[in-house]
Amino acid sequence: MDEPKYRIDKLRGRPTKIWIGSDSSGIGITINRKARTLHVSGWYDSMVGIEGADVPIDEIVALFGLRTVRSVD
């Protein structure tokens, strides 16, 4: 069994991507600061994609009861 891992791709001028999982299954999260959204999607069995969705960051902040969100730059 693969051990879950994560990788962060942060390229200047592009949304930050976080990959969590293994080659066989996992999730991907793309942080789009300009649109203030997170795009969450996934995969399993090494090739089957799971349809993703965009979630507004402001809704996540409200859901978790956070007061401020600082830049992660």
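A: Arg 7 is partly exposed, with a relative accessible area of 47% (buried means under 20%, exposed over 50% and partly exposed in between, using a 1.4 Å probe and protein chains only). Its salt-bridge partner is Asp 9, with the closest N and O atoms 3.1 Å apart; the term requires a side-chain nitrogen of Lys or Arg within 4 Å of a carboxyl oxygen of Asp or Glu. Asp 9 is also partly exposed, at 26%. The model is predicted, so local features need pLDDT of at least 70 and side-chain atom pairs count only at pLDDT 80 or more, whereas totals for chains, interfaces and linings use all residues. Residues are numbered from 1 along each chain as its sequence is written, and side-chain values use heavy atoms, without hydrogens and water.

The whole structure holds two salt bridges. In the other, the side chains of Asp 58 and Arg 36 meet at 2.7 Å, N to O. This pair links distant parts of the chain, 22 residues apart: Asp 58 lies in helix H1 (residues 57–63) and Arg 36 in the loop between S3 and S4. Helices (H or I, at least four residues) and strands (E, at least two) are DSSP runs numbered from the N terminus. Arg 36 is partly exposed at 37% and has a positive phi of about 55° in the turn of the S3–S4 hairpin, where four residues separate the strands.

S3 (residues 26–32) has five of its seven residues buried. It pairs with S4 (residues 37–44) in the antiparallel sense over seven bridges; pairing requires at least two DSSP bridges between two strands. Thr 30 has His 39 in S4 as its bridge partner.
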